[in-house]
Amino acid sequence: METEVKDHADLAAAFNKDEDRVNWHDETLWWIRQKRDLAVNKLPEWELLRETASQIKDNVLSNLSEYLVQFEANAQKNGVIVHWAADAAEHNRIVLGLLNAKGIQKMVKSKSMLTEECHLNEHLERNGIEVIDSDLGERIVQLAKEPPSHIVLPCIHKKKEEIGDLFHLHLGTPAGNADPQFLTETARIHLRETFLTRRAALTGVNFAIAETGEFVVCTNEGNADMGAHLAEIHIASMGMEKIIPQRRHLGVFLRLLTRSATGQPITTYSSHFSKPREGKEIHIIIVDNGRSKQLGREDFRNSLKCIRCGACMNTCPVYRRSGGHSYHNAISGPIGAILAPNLDMEKFADLPFASTLCGSCSNVCPVKIDIHQQLYKWRQVIVQNGYAPVAKKAAMKVMSLTLSSPLAYHAGGKMGRLVMKYAPFALNNKFNPWYKQRDMPEPPKESFGEWYNKNRK
Amino acid sequence: MNVGLFIPCYVDQFYPGAAIATLQLLEKLGVTVGYPKNQTCCGQPMANSGFEHLTGGCNELFIKNFEGFDYIVAPSGSCVLHVQEHLHSHDHEQAASTISKRVYELSSFLTDVLKVQSLPSKFPHKVGVHQSCHGQRGLHLSQMSELVAPYYSKPGSLLNMVEGIELIPLNRNDECCGFGGTFCVAEEAVSVKMGKDRVDDHLAHGAEYITGVDMSCLMHMEGILNRRGSKVKVLHLAEILNAE
Amino acid sequence: MTARNTILAAVKASQPALKPLPDVYFPADENADLKAKFTEILTTIGGKVITAEGSEEIAAYIKTITNFGDRIESTVDEVYKIVAEENPSLLPHSLQNTELAVIKAHFGVAENGAVWITEDLLSQRVLPFITQHLIVVLNAADIVANMHQAYERIGDRRYGFGTFIAGPSKTADIEQSLVLGAHGSRSMTVFLMR
C-alpha cells in the first residue's frame, strides 16, 4: 500500500501524542452528546419521531427521481433557476459560470458541507474569485487554512487561544485576547462589511420540499440570511438526497435536527426560501457526485438518509479521541466512513476500520441509519476489492485454517501459552503493538478444554 | 433441556476460570450441560476484519459441534451476537438457522430462559459493571443510554442478587472500552486511550473489581490495570455470580 | 445527454422498490399552558418575553431601551411607522444602521420558543437579521404547541420567504462558549399581547 495515502490509524496516533488535548476534545464532544440526551429526553415521542423520519427518508430514496422532477418544476414555478451537476467539477463550473456572467469577483458563503466535498473554494480562488466563509467556525478554519473537522462545529478542534492568535494575525485584534465574546464581536463587525458588499451569496440546503419547490436553510448565526437577503444572486448548493416530500414533514425533521446536533430545540433561524426578491435571482444546483451510485448499493443506500446533524460524531468514542482531521475527508466520523468509500474505495479503505463497531452512532442517528452495520459490510467489500493490507490478509488466512481445525487450534493455543510462560520476551517487546501500553494476559496452566478433560468426562 | 456450552476461544485459552464458573453456575441451577470438545472459535475476529468469506470452516465446525442442543450458552455477548447474525452454511443452512436462534449469552439465558430469581452467591465488594457494546446494543442485555426508553439490565439484575455486592455508579455508563477485535492493535493509540478512560472511570468511583459479560473487554482493561500496577482485578460476570 | 437527464436516469435505475410514506401524527397535550411553556423556552435560549395589554406599553418600553437618534424600523402600525425610501434596489442595505426593528409574527411555537414570520410582515427580508435588536409583537392566543401544529397552521399558504426565529442570533463555535449576537440580532424580545 502507498505510504503517501494518509491513514486514520497514523493520524489518530499523532493526535493522541498530546493526551491533555485529547481529553479536552473528548470531554467537549461528550458534553455535547449529554446536551443532546437532555433535550431528547424531554420528548417522550422521540423514538417515534426517529422512526417516522426514517420511514419518510426510505420513501424519498425509493421515489427520488419523481421527487426531484417535482421539486424542480415547483421551484421553477416560483421563479427559481434550477441547475444539475453530475459531479463536483460540474458543480464548481456552474458556480463559477454564474459569477463570471455577472462580473462578480467576491462571494460570501454560509455553511455547506457539499461545497467542502466539491472543494469549491479552491476552484473559485484558482479562478480569481474571493470566497469568504461567514459561519464563525468556518471563517476560523478558513483563516487557519484548514478544512473543518466536524460538519456542525467546524473548529471544535481549536482552542480559544489559537483562535485569538488567528484573529490577531488576520483581523488585527490585540495579541493574547482569547475572550469568546470579544472575538465573536470582532467577527460580527468584520463579516458585516462582507455581507453588505457582496453581490453573490452561496448557501447550503438543509431540506428541499418537493411539494412546494421551497428549500430551508438553518443557522444559529443568521449568516445565511444576511448573505442571501443582501445579494443580487443567491446560489443554493444541494445534495440531491436533501429532498423531503411535503412541507409538513419539516415538522418532523426540524424537531429532530438541532436536538440531535447540539441539544437545542431548534436553530435560531430556519429560513424557508421560495421566490427570489424582486429583480434578484435564486439558483439551485442539484448535485449527484456519487449519490446515485450509493443509491444503487443495496447495503449502503441508507447512508443517503443523512440530514447532517453530526450526532454520530459526538457520540463516537473513536471520533472524540482521534479528531475529525484523522478521517482525511470532508465528512468525518461514522457517517463519513460509510459515505467516503463509495467515492474512492482505495483512498478511504481505512475509514470503516476506524471503529470498534460499538453501535452508539446508530442509536443517536435521527433517521435510523444502520451505521455500524454498514461499517461491518464496507469492511467485507473493501477486503474483497483487494484493499486489505497484505500482512493482514496473510494473518487472516492462517487464523482461518487454525480455527477450522480443532487439532491445529488446540496445538496452537497450547504453544501460545507455553511461549508466553517460558519465553515472554518473544511477545513482550516493542514489535507487539498490544504490549506498548498494556500487559499481556497471564497464561493459565491449562485451557478450559484441558481442565474439562481432567475434571469432567 | 440439554445445553451446549460454547466457550470463546480466548476464554478457553487464557481465562478458563470464567468458563469453569459458567459451567458450575449452570449446573448449580439444575442444567444438564454438554461441552463439545472440538469447538474452536465462532469466526468473529476474521469477520470483523473484513474476512467473513474465510469463516466457512469455522461455521461448519460450529454447526457440527452444536447441532442437537436445545440451547447453546456462552459467557460472551460479542461471540453470541456474531453467531446470531452471521452463522451460515452452504450445505446446512437449516441447521445454521436453528442454532443461531438457540444461542444465548449467559446472563440473558439466566433471566429469560431459566428465569432466575435468586442466587446463593456472596461477593462483598465494590464492583464496576462494564457494559460490553455487542451484548448491550446487539443483544439488548441492558438499556442503551442513547435511547429514550425505560432502564433495565439483565446482568445488573443478576448481580443485585449477590449478597454483599455494591455496584458503583459511573460517569459514562456505556462507553466502549476500545478493544474492538483487531482494532486493539490496528488502532493501538485510540484503543488504549479508550481503555484508560474506562478504567479511570471505574477507579474514580472506587471499584475493587470490574466485571462484564465479555472477557475480551476485561482482558483489555486488565492489561491497562496491570501495566499501572493497580490492585483492581477483572472478573467475568459468571465468576461473581458463582462466588460463594 | 444533459446532466439532468444523466442524473435522473441513474437515480431511476438505482432507486429501490417504492416504500410508503408513514403517518405523521404527534398530538400535543390539550391541557398544556402554551404561554408559560413558550415563555420558559424562549427565555432559556436567550430571548426575553414581556406580557402586555396594549401597544402603548411597547412604545414606552422602546423609549427606555433606545437613545435619541437611534434608527427604529417598525412594521407594526400601532407602534412607530417610518416610511420606507423609494429606491427599492438599495433598500435592504439602507437598513444597515437599524438599531431596533419592531415586527409582528403570525404565531409562536411553545416547544422551542420560535415565532413564524413571512415576508408580508416585513418591509425587507433582511430586516429582522440586520437590525441590532429585535422586538416581535405576538398575540398570546397565537401560540401552538409544537412544529406539527405549526405546519398545520401554515397549511399550503404560499410565501416568497418565511422564517422561524427562536431568540437572538448566537454561536458557540469558540470552545463551546455561548455568545449571543453573532450575525443576526443581538437581542430578541417578544411582546405577548393579551
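What share of the contacts in chain A with a separation of 6 or more comes from residues 24 or more positions apart? The answer is 72%, where two residues are in contact if their C-beta atoms, placed from the backbone, lie within 7 Å.

Welcome to this predicted model, in which local features need pLDDT of at least 70, side-chain atom pairs count only at pLDDT 80 or more, and totals for chains, interfaces and linings use all residues. Residues are numbered from 1 along each chain as its sequence is written, while chains are lettered from A and ligands numbered from 1 in the order in which they are written.

Let us start with chain A. Its C-alpha atoms fill a box of roughly 90 × 55 × 45 Å along the principal axes. Of its 457 residues, 57% are buried (20 or more other C-beta atoms within 10 Å of a residue's own, with C-beta atoms placed from the backbone). Chain A holds 21 helices and 10 strands; these are DSSP runs, helices being H or I with at least four residues and strands E with at least two, numbered from the N terminus.

The domains below come from an automatic or database domain assignment.

| Domain of chain A | Residues |
|---|---|
| domain 1 | 8-14 + 16-28 + 293-384 |
| domain 2 | 71-238 + 273-289 |
| domain 3 | 398-455 |

Between the C-alpha centres of domain 2 and domain 3 of chain A lie 57 Å.

Now for the neighbour, chain C. Here 70 residues of chain A are in contact with 60 residues of chain C. Strand β9 of chain A (residues 269-273) runs antiparallel to strand β8 of chain C (residues 161-165), joined by 5 bridges; strands pair if DSSP finds at least two bridges between them. Within this pairing, Ser270(A) stands opposite Phe164(C).

Technical notes
Buried ≥ 20, exposed ≤ 12 C-beta atoms within 10 Å, placed from the backbone.
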